[in-house]
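This report is a guided reading for someone who meets the structure for the first time. Please keep the sequence and the model in view while following the text.

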Amino acid sequence: MNNFTFYNPVKILFGKGQISAISKEIPAGAHVMVTYGGGSIKKNGVYGQVMEALQGYEVTEFGGIEPNPHYETLMKAVELAKEKKVDFFLAVGGGSVIDGTKFIVAAMEYEGEDPWNIMAKREPVTKAAPFGAVLTLPATGSEMNSGAVINRVSLKEKLSFGSPHTFPKFSVLDPETTFTLPVRQICNGVVDAFSHVLEQYLTYPVNAPLQDRFAEAILLTLKEEGPKALQNPQDYETMANFMWAATMALNGVIRVGVPTDWATHYIAHELTALHGIDHARTLAIVFPALLRYKSETKKEKLLQYGERVWGVNSGTDDERLEATIQATIAFFESLDVKTRLSDYEVGEDTIHTIISRFEERGVKDLGERADIQIQDVKEILLLSL
């Protein structure tokens, strides 16, 4: 096992009715900005619960944060928050709203020339305004980590950042908030969380059996509960298990002491930036191709994954590797998440565009072994056509 430092200060309030407890977590007298997305929280009752819990606080609302939150929109929130002298933020929504709020709280305290440099130039976030979250869509794990991905529409760029200062102070996870989710969002959430685990698990062994079994437990839970969530999204126990699995997939627990990959995410972000394809669906496009392309260097963990998660335990190593990749594809497809670029009417011209963008940025050394170069990215994308 590799050396590691683990830090996660997020307080989790899990279960039905927990939204009412947020008043105990927000400082008395705070001016709170409530951030949210397209307004579904006003239809499913979450907005009413939040506003009732915030009685006695001065509240400013900022809605309209997009899926794959737009930098341009978030800067409007920063401007409004500064004008209103907001000193606490509450993100109410899924990963995009929470990611967007992480950028807002970082930009509130930013003292440099251009807040976009937090992503573009990796300028460190040394302080941020405090915020909490009410999760309504299990998927990204943003409710219990410090990372975020932001989309700048004018540049067609989708870039990430993270800081110890952008952890939520608390997050509410009430499975009942998910009962009215569209089927597409549930499908995306399962694939997103599953992919997060694979990025941290399908690398190479370092004798970390506990982390491996934690990861496998999350994968097995998503494999079992994901289809049940699609069939009955108002089953409390199913959605509770799905919600907690998605949170555990990216809260740092399974990544400690082990190598992690993230090449799939890095490549997939380009497909969202260029074509607006749902994040989870871009992962489902890239992952099978990357696993096939890197199957030799990932061989030991791929075989372990196949046996422990999919029951693939017969045949030659090559046959088992292919059967494992096919099982992963079949799982994504069973959730109505297509796994090829052609399914989204994306062709080779986009591959050339991505390669050109990577060349301009000097992208190199992706993956857990830092052995994925630009030409490798091209081959992976060609395999995904």
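A residue is called buried when its relative accessible area is under 20%, exposed when that area is over 50%, and partly exposed in between, with a 1.4 Å probe and protein chains only. By this scale F6 is partly exposed, because its relative accessible area is 43%. This is a predicted model, in which local features need pLDDT of at least 70 and side-chain atom pairs count only at pLDDT 80 or more, while totals for chains, interfaces and linings use all residues. Residues are numbered from 1 along each chain as its sequence is written, and side-chain values use heavy atoms, with hydrogens and water left out.

**The start of the chain**

F6 belongs to the segment before β1 (11-14), where helices (H or I, at least four residues) and strands (E, at least two) are DSSP runs numbered from the N terminus. Together with M1 and F4, F6 makes a nonpolar surface patch of about 320 Å². Such patches consist of residues with over 30% relative accessible area and no salt bridge, like charges being joined within 9 Å and nonpolar side chains (Val, Leu, Ile, Met, Phe, Trp, Tyr) within 5 Å; the areas themselves come from the Shrake-Rupley method with a 1.4 Å probe, and for residues only the protein chains shown count as cover.

P209 is part of helix α6 (residues 209-231) and is partly exposed, with a relative accessible area of 37%.

P259 sits in the loop between α7 (236-248) and α8, and its relative accessible area of 8% makes it buried. Apart from neighbours within four places in sequence, P259 is in contact (heavy atoms within 4.5 Å) with N2, Q200, T203, Y204, V206 and E368. P259 and E199 are separated by 60 residues in sequence and by 9.4 Å in space, C-alpha to C-alpha.

**Two packed helices**

Two packed helices are described by the angle between their axes and the distance between the axes. Helix α8 (residues 263-275) packs with helix α12 (residues 348-361) at an angle of about 115 degrees, and their axes are 11 Å apart; the axes are lines fitted to C-alpha atoms, for helices over the stretch in contact, and angles run from 0 to 180 degrees between N-to-C directions. Which residues make the contact? On α8 they are Y266, I267, E270, L271, A273, L274 and H275, and on α12 they are T350, T353, I354, R357, F358 and R361.

**Salt bridges**

Side chains of opposite charge can pair when their charged atoms come close. The structure holds 21 salt bridges, a salt bridge being a side-chain nitrogen of Lys or Arg within 4 Å of a carboxyl oxygen of Asp or Glu. Three of them are listed here.

| Pair | N to O distance |
|---|---|
| E111 and K127 | 3.0 Å |
| R308 and E216 | 3.1 Å |
| E270 and R357 | 2.7 Å |

The bridge between E270 and R357 joins helix α8 to helix α12, so the pair ties together parts that are 87 residues apart in sequence. E270 is buried, with a relative accessible area of 2%, and R357 is also buried, at 13%. E270 and R357 belong to a network of salt bridges that also links E157 and R361.

The partners in the other two bridges can be described in the same way. E111 is exposed, with a relative accessible area of 68%, whereas K127 is partly exposed at 37%. R308 is partly exposed, with a relative accessible area of 35%, while E216 is buried at 6%.

**Positive phi values**

Most residues other than glycine have a negative phi, and most peptide bonds are trans. N68 has a positive phi, near 55 degrees, and is found in the loop between β3 (58-62) and α2 (71-84), where its relative accessibility of 16% counts as buried. A370 likewise has a positive phi near 55 degrees; A370 lies in the loop between α12 and α13 (374-383) and is partly exposed at 37% relative accessibility.
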